[in-house]
Amino acid sequence: MRRTTAGIALLLAAAVPAVVALTSASPAPPAVAPTSAYPATVVAAPASLVTAAAPAAALPMLGPTPSSWEGGHAVAVAPRWWPRGYHYASAPWPALWPKPVAFSPTRTGPLRGVVIAIDPGHDIGNGSHVSLINRKYWVGLTKICNTTGTATNAGYPEATFVFDVAARLRRLLTAAGATVVVTRDRNSRSAYGPCVGARGSFPAQEHARLMVSLHGDGGPSTGRGFHVIVPGNYVGYTDDIYRRSMVLGKSLIAGMSASFHRATYLSSPLSIRKDQGTLNMSNVPTAIVETLNMRNRYDAAIAMSTTGRQRIAAALYAGIVRYLRTA
Ligand SMILES: [Zn+2]
């Protein structure tokens, strides 16, 4: 933790409720899919979304207001948010974005000295800022800033679900000695974003070893289970991280598989994609975990229960630890 941020982090850590012991979240796992090998599903960036060539390696640090750049769309790279960290004074953190937040270790442990980034997807306020989240940015392809995310049929939103899972995962990690940086500090109807490109550029700015982006899928109601998305080798974007991201993705699948079904509505629990802004813009090993299918009644019951969310956090924790052992 850098000196200028330690005070903030300590204040925030002090505000965190009682630490969840690592051993407190180990309910009996349900029946799960067999742990056989699986072929990855490869998804290229759709040509219709790619409107310009890859920009030069040194990306300008622009704020969220689109300007004339790369096919008419700004590059959605976040300005640094740390007080001392604005290399680009003209790009302050947007007022309507939740702020990233850092959490210091609450105990020493096997993850001491490791910085881990967690990205709880979307924001509950995205739905009330539709014109803002629909602005287009360049993230290796042209995409909108963010989306509203999905919800269970009972109306429990993905943004709220993953925000809670992120907090549970963060407590497990900080109790094992890690420093955890999270892309948003609130789940607020008066906020929106951050844009996916900012989420992607965030972990490298914070010197994180890896980032896990948490989501809940809006799949067919007949299907359940989790799946993981990792970046393909997109030259100029992910050629530096795709190999280790694959290791991270497989580690997360292994961690999740011990307690949860692999997606029954997909041919593989692992997708390799070049059309995800969070993955394209990241410079550390990164994986998106669609932790369950919000639209499935069984998965929705897991999402809407505190024990279910804690089990997901514990499974993700196991996957992260597994990945760090490979480094
Ligand atoms: Zn999502």
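Helices, of at least four residues in state H or I, and strands, of at least two in state E, are DSSP runs, numbered from the N terminus. By this assignment His122 is found in the loop between β4 and α2. The model described here is predicted. In the protein chain, 8 helices and 11 strands are present. Of the 327 residues of the protein chain, 56% count as buried. Among the contacts in the chain with a separation of 6 or more, 83% come from residues 24 or more positions apart.

A zinc ion is coordinated by three groups: NE2 of His122, OE of Glu158 and ND1 of His215, at 2.0 to 2.1 Å. The donor residues of the zinc ion follow the sequence spacing H-x35-E-x56-H. His122 belongs to the loop between β4 (115-120) and α2 (130-133), whereas Glu158 is in helix α3 (residues 158-175), so this pair ties together parts that are 36 residues apart in sequence. With a relative accessibility of 7%, His122 counts as buried, because the cut-off for burial is under 20%. Glu158 also counts as buried, at a relative accessibility of 3%. The backbone of His122 carries a further feature, a phi near 60°, which is a positive value in a residue other than glycine. Most residues other than glycine have a negative phi.

Ile124 is found in the loop between β4 and α2, and with a relative accessible area of 12% the residue is buried. Its C-alpha atom is separated by 5.7 Å from that of Ser188, although Ile124 and Ser188 are 64 residues apart along the chain. When neighbours within four places in sequence are left aside, Ile124 is in contact with Pro157, Ala159, Thr160, Asn187, Ser188 and Arg189. His129 likewise lies in the loop between β4 and α2 and is buried, its relative accessible area being 13%. With neighbours within four places again set aside, the contacts of His129 are Leu96, Arg189, Ser190, Ala191 and Tyr192.

The loop between β7 (179-182) and α4 (196-205) is the place of Pro194. The peptide bond from Gly193 to Pro194 is cis, with omega near 0°. Most peptide bonds, by contrast, are trans. Helix α4 itself is mostly covered, with 9 of its 10 residues buried. The buried residues of α4 are Val196, Gly197, Ala198, Arg199, Gly200, Ser201, Phe202, Pro203 and Gln205. These buried residues pack against the strands β4, β6 (142-144), β7 and β8, and against helix α6 (277-280). α4 is followed by His207, a residue with a positive phi near 60°. His207 lies in the loop between α4 and β8 (210-217). In contrast to His122, which is buried at 7%, His207 is exposed, with a relative accessible area of 55%.

A helix pair was also examined. The axes of helix α5 (residues 242-257) and helix α8 (residues 306-326) come within 7 Å and cross at roughly 140°. That angle makes α5 oblique to α8. The crossing of these two helices is right-handed. On the α5 side, the residues in contact are Arg244, Val247, Leu248, Ser251, Leu252, Ala254, Gly255 and Met256, and they meet Ile312, Ala315, Leu316, Ala318, Gly319, Ile320, Arg322, Tyr323 and Thr326 in α8. By class, the residues of this contact divide into 11 nonpolar, 4 polar and 2 charged.

Notes:
Residues are numbered from 1 along each chain as its sequence is written. This is a predicted model: local features need pLDDT of at least 70, side-chain atom pairs count only at pLDDT 80 or more; totals for chains, interfaces and linings use all residues. Side-chain values use heavy atoms; hydrogens and water are left out. Axes are lines fitted to C-alpha atoms, for helices over the stretch in contact, and angles run from 0 to 180 degrees between N-to-C directions. Angles under 35 degrees count as roughly parallel, over 145 as roughly antiparallel, 65 to 115 as roughly perpendicular and the rest as oblique. A crossing is left-handed if the near helix is turned anticlockwise from the far one by less than a right angle, and right-handed if clockwise. Contact means heavy atoms within 4.5 Å. Ala, Val, Leu, Ile, Met, Phe, Trp, Tyr, Cys and Pro count as nonpolar, Asp, Glu, Lys and Arg as charged, and the others, Gly among them, as polar. Donors are N, O and S atoms within 2.8 Å of the metal (3.2 Å for Na, K and Ca); water is not among the atoms, so sites may look incomplete. Buried means under 20% relative accessible area, exposed over 50%, partly exposed in between (1.4 Å probe, protein chains only).
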